[in-house]
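Please read the points below with the sequence and the coordinates open beside you. They go from the whole chain to single residues.

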Amino acid sequence: MCLICDRIKMINEGENPYFVCELETGFVVLGDYQRFKGYTLFLCKKHVAELHDFPYDFKMKYLEEMSLVAEAVYNVYKPEKMNYELLGNGDTHVHWHLFPRVEGDTPIRGPVWLLPREEMCSDQFKPSVVELEEKTRELKKEIERILK
């Protein structure tokens, strides 16, 4: 089983504290580490490696929902710019990385992945239980507002 499928299994079992909400095509979760405040992932419900392998209607709905999630992240965190990344080199299960960005959030301008992994995944950027509950609730509320 893949890491994304494991995370979805945890959501379905009520054991993923990073879970925000479920949409038609995927699950919204906060990133385990918040080096970039508001870092959010949109995990596809279907285990597929490539975006172009989805049926057209599902693909369009998935892209629409990803965009709505990014809008909610933007509204909650008020960044200067959003970064949207669909990579799949490590986990070959379609999922989006949504990074709110602000000027100076990295020493050198560029993608977040230029930072050392030790910094990106430092325990100092792991949200507390209270922060996690507050941030997941806040983001869920904004997603629900946008979907109305």
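**Notes on the predicted chain**

1. Of the 148 residues of the chain, 47% count as buried, where buried stands for under 20% relative accessible area, exposed for over 50% and partly exposed for what lies in between, with a 1.4 Å probe and protein chains only. This is a predicted model, in which local features need pLDDT of at least 70 and side-chain atom pairs count only at pLDDT 80 or more, while totals for chains, interfaces and linings use all residues. Residues are numbered from 1 along each chain as its sequence is written, and side-chain values use heavy atoms, with hydrogens and water left out.

2. The chain holds four helices and five strands, and its pattern along the sequence reads α-β-β-β-α-β-β-α-α. Both kinds of element are DSSP runs numbered from the N terminus, helices being H or I with at least four residues and strands being E with at least two.

3. For 148 residues, a compact globule would have a radius of gyration near 15 Å, and the 15 Å of the chain agrees with that; the radius is taken over C-alpha atoms, and the globule rule is 2.2 Å times the number of residues to the power 0.38. Along the principal axes, the C-alpha atoms fill a box of roughly 40 × 30 × 30 Å. Among contacts between residues at least 6 apart in sequence, 56% join residues at least 24 apart, a contact being heavy atoms within 4.5 Å.

4. The accessible surface of the chain is about 8600 Å², and 52% of it belongs to carbon and sulfur atoms; such areas come from the Shrake-Rupley method with a 1.4 Å probe, and for residues only the protein chains shown count as cover. There are 20 positive and 26 negative side chains, with the centres of the two sets 3 Å apart. In this count Lys and Arg are positive and Asp and Glu negative, while His and the chain ends are not counted, and each charge is placed at NZ of Lys, CZ of Arg, CG of Asp or CD of Glu.

5. Which residues of helix H1 (residues 3–12) are buried? They are Ile-4, Cys-5, Ile-8 and Ile-11, and, seen down the axis of H1, they fall within an arc of 110 degrees, so they line one face of the helix; the arc is that of the directions from the helix axis to the C-beta atoms. An α-helix has 3.6 residues a turn, so residues three or four places apart point the same way. The cover over the buried residues of H1 includes strands S1 (19–22), S2 (26–30), S3 (40–44) and S5 (95–101). Just after H1, Gly-14 takes a positive phi of about 70 degrees.

6. Cys-21, in strand S1, is buried with a relative accessible area of 8%. Not counting residues up to four places away in sequence, Cys-21 touches Gly-26, Phe-27, Val-28, Lys-140 and Ile-143. The C-alpha atoms of Cys-21 and Lys-141 are 9.5 Å apart, although the two residues are 120 apart in sequence.

7. Two loop residues deserve a look together. Gly-31, in the loop between S2 and S3, counts as buried at 0% relative accessibility, and, leaving aside neighbours within four places in sequence, is in contact with Tyr-18, Tyr-39, Thr-40 and Leu-41. Val-112, in the loop between S5 and helix H3 (117–120), is buried with a relative accessible area of 0%, and its contacts beyond four places in sequence are Phe-36, Glu-85, Phe-99, Arg-101 and Met-120. From C-alpha to C-alpha, Phe-99 is 9.5 Å from Gly-31 and 8.3 Å from Val-112.
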